[in-house]
Amino acid sequence: MTATAPLPVVTPPVRLSPWRRARVLTRRTLDAGLRAVPDRVVDAVHDRWITPDGVRDARWRLPATALYYRPLPGATITVPGGRGERLAVVGSRTERVLWWFGEAGYEAAEAAWWRRLCARAGDVLEVGANIGYYSVVGAAATSGAYTAVEAQPDAAAIVRRNLDLNGLHDARVVAAAAVADGAPDHLELALPDQESHQTAPTGSYLRDRAEGVDDRAAGRSVTVPTTPASALFTGRDLVKLDIEGSEAAVLTAAREAVLAARPVLLVEVLGGARRLHAVLADLLEHDYRLLAPTGAGARPLSLAAATGPGHRDVLLVPGERVGDL
């Protein structure tokens, strides 16, 4: 009997609306134009726009803004306004913002606070590392143990690469999503459509398990391994959580470990995160204090303000440790 060759699979062409077609054409034209700008010109504009200390010159704002979307020159960057942290150029939005606007232009005071907190901590956990900028900042500052957790596989590999680039070989990287005990061994991590052109998108979230992400359409996803949050949190004295709407689930799963070790927590709060509101209220009942990290210090923050519209990073500090800040 003669075997029949399989028929070829024909994928029908994607039909784009005229508006979508115009946007794609415009983007390709702009990309081609920006790529035509020589690296030496990009470097020259960057060096006039922002100093190594992170000071910007407004006279160069227009050309810097125009070149922001061009791929970065070179294989690595040094973050202006930081402490000499270097990052591999991989094509992420995070590296672009840091190079063009410096540490203070990325997330205002958060990196400086993280550096300060890590310098006083003995066992640090970062959940949601993305490409590892905070991992580099924190691991360089602490004299203790540092563990970075990142669910997106490409991003986790970049975290390791950036830690190695900065000589931080003792920091541990866990390539998994933190979840409650008893959760499946693997889950779907949604990759937002609006960030589909980026390496290691910052807005990836666990599908059907995150809150505050209803506006993030995601046609693509990747299956990632999971790891129990309760074990991750055990014995830590400093924790950073930035996991796109899964903060409440993880803190709930790690509640006993948190109340036992009483770490300082730096938590991202998304607007509309009702479950996280309840979790923070529970911690406040256990003598945690809610603070806003700013360049002028840590100011008291009400629960309503912390969980209102928009998103922000907040500090949760045990009452007995507030004086150490």
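The legends below describe several views of a predicted model.

**Figure 1. Overview of the predicted chain.** The chain has 325 residues, of which 46% count as buried. Its secondary structure consists of twelve helices and 14 strands. The accessible surface amounts to about 16,300 Å², and carbon and sulfur atoms contribute 54% of this area. Among contacts in the chain with a separation of 6 or more, 68% join residues 24 or more positions apart.

**Figure 2. The open sheet of eight strands.** Across this sheet the strands follow the order β5-β4-β3-β10-β11-β14-β12-β13, and the pairing is mixed. The edges are formed by β5 (172–174) and β13 (297–300), each of which pairs on one side only. On average, neighbouring strands of this sheet are turned by 25° against each other, direction ignored. In general, the strands of a sheet pair through backbone hydrogen bonds, either parallel or antiparallel.

**Figure 3. The pairing of β3 with β4.** Strand β3 comprises residues 123–127, and strand β4 comprises residues 145–149. These two strands pair in the parallel sense, over five bridges. Within the pair, Val-124 stands opposite Tyr-146 of β4.

**Figure 4. Two helices that lie across the sheet of eight strands.** Helix α5, formed by residues 110–119, lies across β3, β4, β10 (238–241), β11 (264–269), β12 (288–294), β13 and β14 (312–318). The direction of helix α5 is at about 155° to β10. Helix α6, formed by residues 133–141, lies across β3, β4 and β10. The direction of helix α6 is at about 175° to β4.

Figure 5. Glu-110 is part of helix α5. Is there a salt bridge or none at this residue, and which side chain of opposite charge is nearest? Glu-110 is buried yet has no salt bridge, and the nearest side chain of opposite charge, that of Lys-240, is 8.8 Å away. A salt bridge would require a side-chain nitrogen of Lys or Arg within 4 Å of a carboxyl oxygen of Asp or Glu. When neighbours within four places in sequence are left aside, Glu-110 is in contact with Tyr-134 and Asp-313.

**Figure 6. The open sheet of four strands.** The order of the strands is β6-β9-β7-β8, again with mixed pairing. Its edge strands are β6 (177–179) and β8 (205–206), and each pairs on one side only. Strand β6 pairs with strand β9 (residues 220–228) in the parallel sense, over three bridges. Ala-177 stands opposite Thr-226 of β9.

**Figure 7. Asn-130 in the loop between β3 and α6.** Most residues other than glycine have a negative phi. Asn-130 is not a glycine, yet its phi is positive, at about 50°. This residue is found in the loop that lies between β3 and α6. Is Asn-130 buried or exposed? Asn-130 counts as buried because its relative accessible area is 13%, and the term buried applies under 20%.

**Figure 8. Glu-244 in the loop between β10 and α9.** Glu-244 has a positive phi of about 50° although it is not a glycine. Where in the chain is Glu-244 found? The loop between β10 and α9 (247–253) holds this residue. Glu-244 has a relative accessible area of 9% and is therefore counted as buried.

Notes
Residues are numbered from 1 along each chain as its sequence is written. This is a predicted model: local features need pLDDT of at least 70, side-chain atom pairs count only at pLDDT 80 or more; totals for chains, interfaces and linings use all residues. Side-chain values use heavy atoms; hydrogens and water are left out. Buried means under 20% relative accessible area, exposed over 50%, partly exposed in between (1.4 Å probe, protein chains only). Contact means heavy atoms within 4.5 Å. Accessible areas come from the Shrake-Rupley method with a 1.4 Å probe; for residues, only the protein chains shown count as cover. Two strands pair if DSSP finds at least two bridges between them. Axes are lines fitted to C-alpha atoms, for helices over the stretch in contact, and angles run from 0 to 180 degrees between N-to-C directions. Lys and Arg count as positive and Asp and Glu as negative; His and the chain ends are not counted.
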